[in-house]
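Subject: Structure handover

Hello,

I am passing on the structure below. My notes on the strands and helices follow it.

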Amino acid sequence: MNTTLNRRDFSKALAIGVGASASALFAAEPRKIKIGYTCLIWNVLPRTPENLEGALKDLSSLGFYKFETFAEVLESWDQRGELGNLIGRFRVPLTSGYMTTNVTDPAKRKENLDMVTRLAKVIKKHNGTFMVLAANGVKRAEYNFQENRKNIVESLNDYAKAANDVGLGAGFHQHTGTAIESKEETYTLMESADTKHLKFAPDVGQLQKGGVDALQVVKDFLPILKHMHLKDFVGGQPFAGYCPLGQGKVDIAGILDTLEKANSDANVMVELDGSKDQPLTPLETAQISKAYLEKLGYKFRA
């Protein structure tokens, strides 16, 4: 991908279906996964609950099957008594809510447990099924994972159990700049956690950005991978280095084929980060990703 993607590039990408790594082999095989979309690129600049309406309008027009957004955004709409009507108006079902939890400070665990329970109830109320749990940010240059390992594992186990108690699945989501970023940290956590409660919910673009073979990580954790942010990574300034599907380094086709064969009931949510001076609108980036997925044989709602 040219990191200065312009409108001409956008039109060209749509015309060819962004098919650089999509093949007739994939398109010929029946696809079972019903792909959704997170609302991140609509919600972050600025990050305000009001942007959810525009996100659902765009996702509805493109026929994606479900959506995810920050759990706090869902709570804001719910507190006004408007979330159910908003979802009903655009007919894009809620699947999951994303939230950041503190996993390094034991003194904050009770407060975070209460927050997980409160937000999980909002997700459940509106027919969502999953809570995505991320870790708090840390100063990576000064951070020692092993010193925090015990509290990290215990905290995430507790948070996942709290979400389960409300009736939601829960999964851990690794992220750059947080207490669990590297491959080693991710593997150590998931091999230590109580995976009866805490499943794996990776961001494959984040893995690739960190220099990890995202497809291999997916294969290694297939039995407990229940939720995924499907994101591509190319580097450069726009979109924090990420890009619409099919234009970067992540083996999107291989990851999806692996899930289709072994774990087709996993939630797969396309995602792209927003950035200042981004060359395309959120809708345009979603159109490119949809065209790529169609090349892989995926169907969307009318």
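Strand 2 and strand 3 (residues 94-101) run parallel and are joined by four bridges. Phe-70 stands opposite Tyr-98 in strand 3. Strands here are DSSP runs of E with at least two residues, helices are runs of H or I with at least four, and both are numbered from the N terminus. Two strands are taken to pair if DSSP finds at least two bridges between them.

Before the rest, two notes on the source. This is a predicted model, in which local features need pLDDT of at least 70 and side-chain atom pairs count only at pLDDT 80 or more, while totals for chains, interfaces and linings use all residues. Residues are numbered from 1 along each chain as its sequence is written, and side-chain values use heavy atoms, with hydrogens and water left out.

Strand 1 (residues 36-38) runs parallel to strand 2 (residues 67-70), with two bridges joining them; Thr-38 stands opposite Glu-68 in strand 2. Strand 1 is also joined by two bridges to strand 10 (residues 267-270), again in parallel. There, Met-269 of strand 10 is the bridge partner of Gly-36.

Helix 8

Helix 8 (residues 145-166) has 22 residues and spans 30 Å from first to last C-alpha, close to the expected 32 Å (1.5 Å times one less than the number of residues). A kink of about 30 degrees is centred on Asn-151; the bend at a residue is the angle between axes fitted to the seven residues ending there and the seven starting there. At the start of the helix, a side-chain oxygen of Asn-144 comes to within 3.0 Å of the backbone nitrogen of Gln-146. After helix 8 comes Gly-167, with a positive phi near 110 degrees.

Helix packing

Axes are lines fitted to C-alpha atoms, for helices over the stretch in contact, and angles run from 0 to 180 degrees between N-to-C directions. Angles under 35 degrees count as roughly parallel, over 145 as roughly antiparallel, 65 to 115 as roughly perpendicular, and the rest as oblique. A crossing is left-handed if the near helix is turned anticlockwise from the far one by less than a right angle, and right-handed if clockwise.

- The axes of helix 7 (residues 109-125) and helix 8 come within 9 Å and cross at roughly 30 degrees, so the two are roughly parallel. The crossing is right-handed.
- The axes of helix 5 (residues 71-79) and helix 7 come within 9 Å and cross at roughly 70 degrees, so these two are roughly perpendicular. Helix 5 passes helix 7 in a left-handed crossing.
- Helix 8 and helix 9 (residues 183-192) have axes 10 Å apart and an angle of about 45 degrees, and are therefore oblique. Helix 8 passes helix 9 in a right-handed crossing.

Regards

Conventions. Polar contact = N/O pair within 3.5 Å; in protein donor to acceptor, adjacent residues only side chain to side chain.
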